[in-house]
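Me: I've got a new model open and want a quick tour. Can we go through it together?
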Amino acid sequence: MLVDQDLCIGCGECVPYCPVGAISMQGDLAVIDFDECVECANCQRCAPCPTEAFVQQELVWPRVIRSIMSNVLVVAPNTGIPGRGTEEMKTNDVTGRFKRGWLGVGIEMGRPIVGARFRDVQKVAMAVAELGVEFEAMNPVTAVMADPRTGKMNPEILDEKVYSAIIEFAIPEDKFPDLMTIVERVSEEVDTVFSLEISARCLPGGDLATTPLLEKYGCWAAPNGKTCLGLGKPPAKE
Ligand code: SF4
Ligand code: SF4
């Protein structure tokens, strides 16, 4: 994103609208830090700029990956939906993607203020690949891996910064302790934050299969956080 400096009148209204703090006022002009900008287009879409000074430059590879991962209106080419993950992960109880005894895992890197560079996404992906996981083929992060067996990313994108990126895969429940060991280790090696999302089929009585697993690590499971039954569709058959 660029600011047309002939149009900017220096009102400063746009500054708080940037989720990664890439806009600053320099004298009487708004200036975008091009390396920090994740191309989310929030400034152009949401900031009340009185002169419509934001200009979206043509986005070409590899920079276009910033927009695919950060702009909520951009449809990822391989998933066909806007957003950074896959829909099935959130609607598991109707799609049945993850069978009983398996956990769907999303590692969501970045989010407001810090964002994430693909260099760090690669570190986490390569660490969890040690478990022998198969990365979700329909996920946009998997699509930019040079080697989905090892989690190695296309080297052209390592310095690209995005609002967030979600690494998706599934593991058998009994691999959960190994996953936690790896995640704790690699969390010390990355220059951003990430959260771990776990999906599993609800137990027949409605309880969450993940609660006892998380409690072992002192984590609290929100029972209604992202339990999505899929707009009236019936639960997936066993
Ligand atoms: S496109 Fe997004 S990241 Fe870039 S300056 Fe605008 S709000 Fe900030
Ligand atoms: S809102 Fe528009 S005019 Fe005001 S500082 Fe930002 S870019 Fe310049």
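Me: Which residues lie nearest the centre of the second largest pocket?
Reply: This is a predicted model, to start with. Trp102, Val133, Glu134, Phe169 and Ala170 lie nearest the centre of that pocket. Its lining has 15 residues.

Me: What volume are we talking about for the second largest pocket?
Reply: About 200 Å³.

Me: Which element gives the largest share of that pocket's lining?
Reply: Strand 10, residues 164–172, with four residues.

Me: And how do the lining residues divide by class?
Reply: Ten are nonpolar, four are charged and one is polar.

Me: Is Glu136 buried or exposed?
Reply: Buried. Its relative accessible area is 18%, and the cut-off for buried is under 20%.

Me: Switching to ligand 1. Where does it sit?
Reply: Ligand 1 sits in the second largest cavity. It is surrounded by 13 residues, and the closest are Cys18, Cys37, Cys40, Ala41 and Cys43.

Me: What classes make up the shell around ligand 1?
Reply: Eleven nonpolar residues, one polar and one charged.

Me: OK, salt bridges. How many are there?
Reply: The count comes to twelve. One of them pairs Arg66 with Asp35, at 3.8 Å from N to O. Arg66 lies in helix 2 (residues 64–70) and Asp35 in the loop between strand 3 (29–32) and helix 1 (42–46), so the bridge ties together parts 31 residues apart in sequence.

Me: What does Glu39 bridge to?
Reply: Arg63, with the closest N and O atoms 2.8 Å apart. Glu39 is in the loop between strand 3 and helix 1, and Arg63 is in the loop between strand 4 (54–55) and helix 2. Glu39 is buried at 1% relative accessibility, and Arg63 is buried at 12%.

Me: And which residue does Arg185 pair with?
Reply: Glu130, at 3.2 Å between the closest N and O atoms. Arg185 is in helix 7 (residues 176–187) and Glu130 in the loop between helix 5 and helix 6, so the pair ties together parts 55 residues apart in sequence. Arg185 is partly exposed at 38%, and Glu130 is exposed at 53%.

Me: Last one. Which residues do shared partners join into one network?
Reply: Asp35, Glu36, Arg66, Arg117, Glu160 and Lys161.

Technical notes:
Residues numbered from 1 in each chain as written. Chains lettered and ligands numbered in written order. Predicted model: local features only at pLDDT ≥ 70, side-chain atom pairs only at ≥ 80, totals over all residues. Heavy atoms only, no water. 1 Å grid on protein atoms, 1.4 Å probe; cavity = no way out; pocket = protein on both sides within 12 Å on 5 of 7 lines; lining within 4 Å. Points joined across faces, edges and corners; volume = space filled by probe spheres on them. Helix = DSSP H or I, 4+ residues; strand = E, 2+ residues; numbered from the N terminus. Nonpolar A, V, L, I, M, F, W, Y, C, P; charged D, E, K, R; others polar. Buried < 20%, exposed > 50% of the residue type's maximum accessible area, 1.4 Å probe, protein only. Near = heavy atom within 4 Å. Sits in = over half its atoms within 2 Å of the grid points. Salt bridge = Lys/Arg side-chain N within 4 Å of Asp/Glu carboxyl O.
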